[in-house]
Amino acid sequence: ENTITLLEEELLIACSLNHPLSARESINLNELSGEQFISLPSYTKLRHATDYYCQQAGFKPLILLECYDSNTILDLVKSGMGICFLPKYSWSHINNEGINIIKISNPKCSRCINLTWDEEHYITKSANFFRDYIIDFFHKISKN
């Protein structure tokens, strides 16, 4: 089995423009202990990663609401219900007017997006072409 990391994606914090943190450009994760989070459900890999980072920072995140839809999560954050973790690239298509995006200075919070394939099974030309396309696509994203 072969695995390639397509992208190491930085995790950021999003809050409403009215939130006390909205003036901040960066924050230590441990400063968010006690904040209310709008989050993906606990069975998602991104939620596993964010829970891990919060644990490393010394707290369990206070999850106000779980939702699988990233647009809805950001709409709830815009309305001031709570804050959320924001993947830098994969959620960049969402309109982020009305939110402030804050870098996490400590610890470094990121997730890896990987592509895996089994070399022992026949891979069609179209599957090889698709794999190469995906690798090139993510390479270009990471350069931005």
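User: Where is Arg-131 placed?

Analyst: Arg-131 sits in helix α3. Keep in mind that this is a predicted model.

User: Is Arg-131 buried or exposed?

Analyst: Compare the relative accessible area with the cut-off: under 20% is buried. Arg-131 has 17%, so this residue is buried.

User: How far apart are the C-alpha atoms of Arg-131 and Gly-98?

Analyst: Their C-alpha separation is 37 Å. Along the chain, Arg-131 and Gly-98 are 33 residues apart.

User: Tyr-133 is in helix α3 too. How does Tyr-133 count by accessibility?

Analyst: Buried ends at 20% and exposed begins over 50%, with partly exposed in between. Tyr-133 has 46% relative accessibility, so it counts as partly exposed. Helix α3 covers residues 125-143.

User: Now to empty space. What shows where it is left?

Analyst: The general idea is to roll a probe the size of a water molecule over the atoms; this shows where empty space is left.

User: How many cavities of 30 Å³ or more does a search of the whole structure find?

Analyst: The search finds one. The largest cavity has a volume of about 90 Å³.

User: Which residues line the largest cavity?

Analyst: Among them are Phe-37, Leu-40, Leu-46, Ile-73, Phe-85 and Trp-91. Strand β3 (36-39), α1 and β5 (84-87) each give two or more residues to this lining. By type, the lining holds eight nonpolar residues, two polar and one charged. Arg-47 is one of the lining residues.

User: What is the volume of the largest pocket?

Analyst: A pocket is open, whereas a probe in a cavity cannot get out. Here the largest pocket holds about 170 Å³ of space.

User: Which residues line the largest pocket?

Analyst: The lining consists of Lys-45, Leu-46, Ala-49, Arg-111, Cys-112, Ile-113 and Asn-114. Two elements give two or more residues each: α1 (45-56) and β7 (110-117). Strand β7 supplies the largest share, four residues. Four lining residues are nonpolar, one is polar and two are charged. Leu-46 lines the pocket and also the largest cavity.

User: One backbone feature remains. What kind of peptide bond joins Asn-106 and Pro-107?

Analyst: Read the omega angle. For this bond omega is about -5 degrees, and the peptide is cis. Pro-107 lies in the loop between β6 (99-106) and β7.

Terms used. Residues are numbered from 1 along each chain as its sequence is written. This is a predicted model: local features need pLDDT of at least 70, side-chain atom pairs count only at pLDDT 80 or more; totals for chains, interfaces and linings use all residues. Side-chain values use heavy atoms; hydrogens and water are left out. Buried means under 20% relative accessible area, exposed over 50%, partly exposed in between (1.4 Å probe, protein chains only). On a 1 Å grid over the protein atoms alone, a cavity is a set of points where a 1.4 Å probe fits but cannot get out, and a pocket is an open set with protein on both sides within 12 Å along at least five of seven lines; lining residues have an atom within 4 Å of a point. Grid points are joined across faces, edges and corners, and a volume is the space filled by probe spheres set on the points. Ala, Val, Leu, Ile, Met, Phe, Trp, Tyr, Cys and Pro count as nonpolar, Asp, Glu, Lys and Arg as charged, and the others, Gly among them, as polar.
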